[in-house]
Structures are given as C-alpha cells and as structure tokens.
Amino acid sequence: MDALVLLAIGLLGFGMVASVLPLLPSGLVSLAGLGLYRWDTGEPGAFVLAALVACCLVALAVDWFGGAIGASAGGASLRTTLLAAVVGLLCLPLGGPIVVLAGVAVTVLALEYRRLGDAEASLRSAAAATVGVLAAAAVQLVCTGVVLAAVLVIEFL
C-alpha cells in the first residue's frame with residue numbers, strides 16, 4: 001500500500017471523526033479522501049464512485065442544514081433557528097459538542113418562549129433542535145462510514 005492510499009484512508013477515517021465534531025466538514029474530508037484514492041488507484045468504478053460521492057454530499061448537506069431542519073420541524077422561527085446556529089458556533093470553543101448542544105437548546109427554548117409565551121411549545125422546539133443536531137451527526141457518521149468501508153473493501157478484497 002503506497003503513501004497516497006494511506007493518506008486517503010486516513011482522510012476517510014478523519015471524515016468519520018469529523019462527523020461527530022461540530023465545524024469539521026465530514027463530507028468534504030471524506031470526499032477529499034475518496035478523490036485521492038480514486039486518483040491514485042483508479043478505483044472505484046464510475047457507478048460506485050457516483051454512489052460514494054452522493055454519500056459524501058449527503059453528509060455535507062446534513063451537516064449544514066440538519067440542526068436548522070430539526071428546529072424548523074419543531075416549530076421554531078427562522079430567526080430563532082439562525083440565532084441558535086450562531087450560538088452553537090460560538091459555544092464550540094468553550095466546551096465542544098456538549099456545550100454546543102446545550103447552547104442550541106437553551107437558545108431555542110428562550111427565544112421561542114419569548115416569542116410565544118408557551119413553555120410547552122418552546123420545549124418542543126428546543127427538543128426538536130437538539131434531536132436535529134444529534135440526528136445530523138448520526139447521518140454524517142453513517143454516510144462517511146459507508147464511504148470508508150467501501151474503500152477498505154476495494155483495497156483489501
């Protein structure tokens with residue numbers, strides 16, 4: 001196995017790690033690893049490559065929009081969703097993923113309570129936003145894991 005293949009597999013592994021850490025673009029990292037692997041080995045074939053690129057793009061889209069979709073599904077306003085995303089980004093250096101989740105949940109809860117005056121609806125929106133962030137990470141992990149597994153199968157079988 002040459003150095004570029006090792007680097008490609010390393011990028012694919014890092015893509016999986018990035019899927020559970022905010023602000024790290026797991027889909028792009030996996031796409032870079034897949035591209036490097038394809039460039040160096042000529043594998044996978046066009047059909048499998050297209051499917052794996054689609055997995056990387058799904059991971060990227062979910063990374064960008066998963067939390068917002070969750071908040072919106074829970075009834076949060078666009079303003080609340082955008083402010084929660086900003087708070088999440090600001091919380092990352094303060095304590096990582098747990099603080100991001102807490103920051104998003106508290107922001108949605110507070111802003112929706114201020115907007116609606118309804119504690120139950122605010123809690124529902126905050127819970128949906130939190131589930132959206134967690135679900136986005138899970139989907140990214142699955143997508144990047146599929147890409148890594150496919151490359152490992154191609155390389156070692």
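Buried means under 20% relative accessible area, exposed over 50%, and partly exposed in between, with a 1.4 Å probe and protein chains only. This is a predicted model, where local features need pLDDT of at least 70 and side-chain atom pairs count only at pLDDT 80 or more, while totals for chains, interfaces and linings use all residues. Residues are numbered from 1 along each chain as its sequence is written, and side-chain values use heavy atoms, leaving out hydrogens and water.

Q: Is C91 buried or exposed?
A: Let's check the relative accessibility of C91, which comes to 11%. With the cut-off for buried at under 20%, C91 counts as buried.

Q: How many disulfides does the structure hold?
A: A disulfide is a pair of cysteine sulfur atoms within 2.5 Å. Take C143: its closest cysteine sulfur, in C55, is 5.2 Å away, so that's too far for a bond. The total number of disulfides is zero.

Q: Are α2 and α3 roughly parallel or roughly antiparallel to each other?
A: Helices here are DSSP runs (H or I, at least four residues), numbered from the N terminus. Helix α2 covers residues 26-41 and helix α3 residues 46-73, and they pack at about 160° with axes 7 Å apart. Angles run from 0 to 180 degrees between N-to-C directions, with axes fitted to C-alpha atoms over the stretch in contact, and those over 145 degrees count as roughly antiparallel. The pair is therefore roughly antiparallel.

Q: Is L7 buried or partly exposed?
A: L7 sits in helix α1, residues 3-18. Its relative accessible area is 47%, so L7 is partly exposed.

Notes: Helix = DSSP H or I, 4+ residues; strand = E, 2+ residues; numbered from the N terminus. Parallel < 35°, antiparallel > 145°, perpendicular 65-115°, else oblique.
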